[in-house]
Amino acid sequence: MAKAQTSIELPIFDISQPLDPSSLSSLSQACKELGFFHIRNHGVTKDLYKRLYSLSKHIFSLPLESKLKVGPFSSVNTYTPHFIASPFFESLRVSGPDFFASAQASATVLLNQQSSEFSEILREYGSKMTELSKRIVQVVLMSLGENFEQKFYGSEFRKCHGYLRIINYTPPESVKEEDEVEGLGKHTDMSCITIVYQDQVGGVQVRSKQGKWLDINPSEETLLINIGDLMQAWSNEKLRSSEHRVVLKRFVNRFSLAFFWCFEDQKVIYAPNEVVGEGHLRVYKPFLCEDYLKFREISSVGEGKFEKVGFTVKDFAGITGQKSTL
Ligand SMILES: O=C(O)CCC(=O)C(=O)O
Ligand SMILES: [Fe+2]
């Protein structure tokens, strides 16, 4: 794979302040064009990241047989080993709303410890991400239309829930110097929104409408937000869920945290008429959130499929014959 040539400067929004009309309009533009933006003043301290990083690193450094005790064939089922998402990717899932209990279930098996430091940190991080997700959905709704936050936040997004993936990328040692490999192949997220912390190594790339891969450089003070498939469908494509991937450099290990904020399984996703807007065609049939998640699970099963996650919400619920507005 040749090195990507271009990087993109995403707009940065101060999430601790109310957004003024011009920020709301650039937010709506960002969500429509790429579906990616940065936030700052998010309230997560460097110290929290440091502690979470070092404890997670320790967990990933445990022998495979220990990690598999919370792996796909265990009752805990929080660990995804290498060769599932990609050969270089492994992750640990911590689910809300009780992040402490979820982390503790893994930690008791993996660390066999009395101390609950890991679970305490995850409680704190989970609660910060939950607050942030709510706030981000609210500002995104504000950017979509006047009073949309008052009209739709409570009725549509109140029951959202989140889960975190702690991800460790271990690149192969035998790539040529100038080459990069995919740590996580091209995909779209099945969330409403995703909050990503990427370390200073970087590597996230987003695919533009023209099909070009653009580097999203890490920056110490910000978190990366992207719109997921559920929001793209709910907004009748006023918000874009872009394809993205992670590329790795030779010898460089990479650490990231991806927090997915999702509708409840039983939610019927159907863009309100006001969101579709008068004179606009509806581009998605109503669908049950859970059915889409199952569809993605089934369509990604099979050898080597992690290379290409081809099917998205458009294939699942797009109205046939309706040209995409994206
Ligand atoms: O590792 C990252 O920085 C991004 C991960 C990602 O896109 C995902 O887990 O969906
Ligand atoms: Fe993603």
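The structure is a predicted model. The iron ion (ligand 2) is coordinated by His187, Asp189 and His244, a search of the whole structure finds one cavity of 30 Å³ or more, and the count of disulfides comes to zero.

**Iron site**

- The iron ion (ligand 2) is held through the NE2 atom of His187, an OD atom of Asp189 and the NE2 atom of His244, at 2.1 to 2.2 Å.
- Along the sequence, the donor residues of this iron ion (ligand 2) follow the spacing H-x1-D-x54-H.
- Aspartate 189 sits in the loop between strand 7 (180–187) and strand 8 (193–198), while histidine 244 belongs to strand 12 (residues 244–249), so this pair ties together parts that lie 55 residues apart in sequence.
- Aspartate 189 and histidine 244 are both buried.

**Second largest pocket**

- The second largest pocket holds about 390 Å³ of space, and of the 18 residues that line this pocket, Lys46, Tyr49, Tyr197, Gln200 and Glu220 are the closest to its centre.
- Helix 2 (residues 46–60) gives the most to the lining of the second largest pocket, contributing four residues.
- Sorted by class, the lining of the second largest pocket is made up of six nonpolar, six polar and six charged residues.

**Largest cavity**

- About 60 Å³ of space lies in the largest cavity, which is lined by His38, Val196, Tyr197, Gln198, Asn217, Pro218, Ser219, Thr222, Leu223 and Leu224.
- Strand 8 and strand 11 (223–227) are the elements that give two or more residues to the lining of the largest cavity, and strand 8 provides the largest share, three residues.
- The lining of the largest cavity divides into five nonpolar and five polar residues, with no charged residues.

- One aromatic cluster is formed by Phe148, Phe152, Tyr153, Phe157, Trp234 and Phe263.

**Cysteines**

- A disulfide requires two cysteine sulfur atoms within 2.5 Å, and by this rule the count comes to zero.
- Cysteine 192 is in no disulfide, and the nearest cysteine sulfur, that of cysteine 160, is 4.3 Å away; cysteine 192 is buried, with a relative accessible area of 0%.
- Cysteine 262 is likewise in no disulfide, the nearest cysteine sulfur being that of cysteine 192 at 6.6 Å; cysteine 262 is buried, with a relative accessible area of 8%.

Technical notes. Residues are numbered from 1 along each chain as its sequence is written. Chains are lettered from A and ligands numbered from 1 in the order in which they are written. This is a predicted model: local features need pLDDT of at least 70, side-chain atom pairs count only at pLDDT 80 or more; totals for chains, interfaces and linings use all residues. Side-chain values use heavy atoms; hydrogens and water are left out. Buried means under 20% relative accessible area, exposed over 50%, partly exposed in between (1.4 Å probe, protein chains only). Donors are N, O and S atoms within 2.8 Å of the metal (3.2 Å for Na, K and Ca); water is not among the atoms, so sites may look incomplete. On a 1 Å grid over the protein atoms alone, a cavity is a set of points where a 1.4 Å probe fits but cannot get out, and a pocket is an open set with protein on both sides within 12 Å along at least five of seven lines; lining residues have an atom within 4 Å of a point. Grid points are joined across faces, edges and corners, and a volume is the space filled by probe spheres set on the points. Ala, Val, Leu, Ile, Met, Phe, Trp, Tyr, Cys and Pro count as nonpolar, Asp, Glu, Lys and Arg as charged, and the others, Gly among them, as polar. Rings of Phe, Tyr and Trp (its six-membered ring) pair if their centres lie within 6.5 Å; planes under 30 degrees apart count as stacked, over 60 as edge-to-face and the rest as tilted.
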